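Open the model in your viewer and keep the selection panel at hand. The stops below say what to select and what is there.

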Amino acid sequence: MRPKIVLASGSPRRRELLAGLGVPFEVKTSQVDETFDPSCPPSAVAEELAHRKAKDVARQLDAALVIGADTIVVCDGEILGKPRDEREAVQMLSRLQGRAHQVYTGIALVEVADGQVVRERVSHRMTHVWMRSLSDEKISWYVNSKEPLDKAGAYGIQGLGACLIDKIDGCYFNVVGLSLVELDQMFQDMGYSLVP
């Protein structure tokens with residue numbers, strides 16, 4: 001029998017993705033330090049942050065499968081986090097427009113039994129994303145929508161930001177914030193089924 005599933009993320013996008021599979025789960029947000037060493041490879045940063053989140057929530061539980069995730073946007077090898085304000089959102093979008101960048105989502109799956117961590121899996125997916133060329137007016141319109149202010153790289157592919165993206169190569173759900181195919185494989189590797 002599969003333990004209860006706990007999503008260690010406050011992201012409404014990740015909640016929607018899991019709910020869309022018909023998976024019963026609880027949400028318990030983590031309170032971890034999200035600073036990182038900028039000299040680390042992006043895949044390692046995404047995995048480390050996802051692992052921190054899952055471990056933080058796992059410590060508070062007796063029995064569960066805890067899912068942690070973290071998404072980062074990378075342009076020219078530099079990690080772009082969430083913009084601090086509208087000005088920084090404009091700067092990020094101006095940098096990303098008209099070219100390709102990469103989106104990494106780290107996923108951690110931590111199994112807890114009798115209050116102890118018994119197994120862990122950590123992985124990531126990377127998707128290439130091409131943003132179309134944007135006028136200053138289009139960037140201002142998007143930033144004024146407030147949508148980019150809580151998103152890595154200052155855009156969300158699933159909302160109004162869909163108008164900004166020309167094409168992708170890789171997992172779409174990875175760009176939204178949680179690669180479902182990767183998560184399903186991690187569940188299988190632990191001997192569980194993600195979907196009922």
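Select helix α6 and show its side chains: the buried residues are Leu180, Glu182, Leu183, Met186 and Phe187. Buried means under 20% relative accessible area, exposed over 50%, and partly exposed in between, with a 1.4 Å probe and protein chains only. These α6 residues lie on the same side of the helix because they cover an arc of only 160° around its axis; the arc is that of the directions from the helix axis to the C-beta atoms. Helices (H or I, at least four residues) and strands (E, at least two) are DSSP runs, numbered from the N terminus.

This is a predicted model, in which local features need pLDDT of at least 70 and side-chain atom pairs count only at pLDDT 80 or more, while totals for chains, interfaces and linings use all residues. Residues are numbered from 1 along each chain as its sequence is written, and side-chain values use heavy atoms, with hydrogens and water left out.

Past the helix comes Gly191, with a positive phi near 85°.

Move to α1, residues 12-20, where Arg13, Arg14, Leu17 and Leu18 are buried. They share one side of α1, since they cover an arc of only 130° around the axis. Turn to the other side to find Glu16 and Gly20, which are exposed. The cover over the buried residues of α1 includes β1 (5-7), β3 (64-75), α5 (172-176) and α6 (180-189). At the start of α1, zoom in on Ser11: a side-chain oxygen of this residue comes within 3.2 Å of the backbone nitrogen of Arg13. After α1 comes Gly22, whose phi is positive, near 75°.

Next, select Asp70 in strand β3. An unreviewed UniProt entry annotates Asp70 as "active site"; UniProt positions are given in the numbering used here, feature names are shortened, and annotations may be inferred rather than shown by experiment. Is Asp70 buried or exposed? Asp70 is buried, with a relative accessible area of 6%. Leaving out residues up to four places away in sequence, Asp70 touches residues including Arg14, Glu34, Lys53 and Tyr104. The side chains of Asp70 and Lys53 make a polar contact at 2.7 Å. A polar contact is a pair of N or O atoms within 3.5 Å; within protein, one must be able to donate a hydrogen and the other to accept it, and residues adjacent in sequence count only if both atoms are side-chain atoms.

From Asp70, step across to Gly106, its bridge partner in β5. β3 and β5 run antiparallel and are joined by 11 bridges; two strands pair if DSSP finds at least two bridges between them. Strand β5 (residues 100-113) is largely enclosed by the rest of the structure, because 12 of its 14 residues are buried. β5 is also joined to β6 (residues 116-131), antiparallel, by 14 bridges. Here His101 stands opposite Val129 in β6. The hairpin of β5 and β6 has two residues between the strands, and Asp114 in this hairpin has a positive phi near 50°.

Finally, color the cysteines. How many disulfides are there? The count is zero, with a disulfide defined as a pair of cysteine sulfur atoms within 2.5 Å. For Cys40, the closest cysteine sulfur is in Cys75, 19 Å away and too far for a bond. Cys40 is partly exposed at 33% relative accessibility.

Terms used
Contact means heavy atoms within 4.5 Å.
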